[in-house]
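Hello,

Here is the structure I promised to hand over. Please look it over first; my notes follow below.

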Amino acid sequence: MTVEMTPPALTALTDEDLRLLGGGPAEEEAPLLSGEHVRLRRASLSPLRYPGSKRKMLPAIRQLIVDNVPRPELLVEPFCGGASVSLGLLEADAVERVLLADFDPLVAAFWQVAAEDTDALVKAMRKEPVTVENWDRWRKYRPRTPLNRAMKCLFLNRTTFSGIIGSDAGPIGGRAQTNYSIDCRFDKDAIEARLRNIQLLRKQGRIVGTVAGRWQSTFRYAHDVAASLDLKADSVVFYLDPPYIEKASDLYERPFTEQDHIALAQHLDSTERWVLSYDKEPLVLSLYRGMQGVRQYRVTHHYTMTGSRKSPVPGREVLFTNLPQPPHQSALPPSAPPRGDI
Ligand SMILES: C[S@@+](CC[C@H](N)C(=O)[O-])C[C@H]1O[C@@H](n2cnc3c(N)ncnc32)[C@H](O)[C@@H]1O
């Protein structure tokens, strides 16, 4: 079974956008781009449903990466969440290896256990009753072991409205379970297939490791990993997807303050090769626009919620990168993405 990843077109921010955002005229118009189509096996998708998933940006991010030389030996994802970009880039063979990291203890434990102790997680997942009573139990429970943290993350992610683990979101279908059943996103066979894919990637060394920590410690750890693999700096690429400015406190338990956004921009100004996705916010534009060697793109969605084709709809996300080669122009026409939640 494969999933078609629709290429979103990337367009430069217009002067009008920047005027509306209070940012003044664009200094330079970035080229239009449609990333090439990416085919993914269903088993290669993330086991986590992530509200801020960047899976839809995969064709564009892949295009930015493959049009650069050398091909990355290591992709580091310090804000990995559901890790859909890392997993997609591995599946598309655009990168050799990935390092996954997140500061949220439940999310970090999930990736660590999914990669290192897959059999135990599959066993725990298989025997878990997917009921509202059990949802209440996991919600209150304060797990102490990595396995229980991983299981709490997986269970609540796939049974909570919108996949939101923290916050006050309730169970899928509500307490009355009228329109949806709480287990409608908990297909145990499909989840196991995705966990087995992670197990295999770890055994093959394509997932080099997982890190629980803030992005700063992930950068330090990544340098150690790169040194141990004898990698040159230009064959390591960081993909960064920090929490949204507006919604951070609703979606994730870790707040990411304005000061955090500024600190990240200061770090990226001077180091590394990176691709960064963000919400189109005045603060973000003011931090990255005009940064030396950095290009910006806006993702434009070519579909509606029903999956029917329509004229491009400007999305809220922006991509920035300091990769030296600009992406090739692509004349591929946009097409509709797969329907429904996968
Ligand atoms: C926008 S989400 C990433 C979504 C991901 N790209 C995907 O496709 O699923 C941001 C992630 O950053 C994590 N995070 C928040 N503060 C962090 C910090 N200081 N350092 C590292 N990760 C952090 C959150 O736990 C969350 O998983």
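**Notes on the model**

Ser-162 counts as partly exposed, because it has 14 C-beta neighbours inside 10 Å. (Buried takes 20 or more other C-beta atoms within 10 Å of a residue's own, exposed 12 or fewer, and partly exposed lies in between; C-beta atoms are placed from the backbone.)

This is a predicted model: local features need pLDDT of at least 70, side-chain atom pairs count only at pLDDT 80 or more, and totals for chains, interfaces and linings use all residues. Residues are numbered from 1 along each chain as its sequence is written.

**Overall**

The protein chain has 12 helices and 11 strands. (These are DSSP runs, numbered from the N terminus: helices are H or I with at least four residues, strands E with at least two.) Of its 342 residues, 39% are buried.

Most residues other than glycine have a negative phi, and most peptide bonds are trans. Ser-162 is not a glycine, yet its phi is positive, about 65°. It sits in the loop between helix H7 (146-159) and H8. Asp-230 also has a positive phi, near 60°. Its loop runs between helix H9 (215-228) and strand E8 (236-240). Asp-230 counts as exposed, because it has 7 C-beta neighbours inside 10 Å. Val-69 and Pro-70 are joined by a cis peptide bond, with omega about 0°. Pro-70 is in the loop between helix H2 (58-66) and strand E5 (74-77).

**Helix packing**

Helix H4 (residues 105-116) packs on helix H8 (residues 188-203) at about 75°, with axes 7 Å apart. (Axes are lines fitted to C-alpha atoms, for helices over the stretch in contact; angles run from 0 to 180 degrees between N-to-C directions.) H4 is therefore roughly perpendicular to H8. (Angles under 35 degrees count as roughly parallel, over 145 as roughly antiparallel, 65 to 115 as roughly perpendicular and the rest as oblique.) Ala-114, Ala-115 and Glu-116 of H4 make the contact with Leu-195, Ile-198 and Arg-202 of H8. (Contact means C-beta atoms, placed from the backbone, within 7 Å.)

Helix H5 (residues 118-127) crosses H8 at roughly 170°, and the axes come within 10 Å. H5 is therefore roughly antiparallel to H8. Residues of H5 that meet H8 include Leu-121 and Met-125.

**Ligand**

The ligand has 21 residues around it; Tyr-50, Phe-79, Gly-81, Gly-82 and Asp-104 come nearest. (A residue is near if its C-beta atom, placed from the backbone, lies within 6 Å.)

Best wishes

Methods
Contact = placed C-beta atoms within 7 Å.
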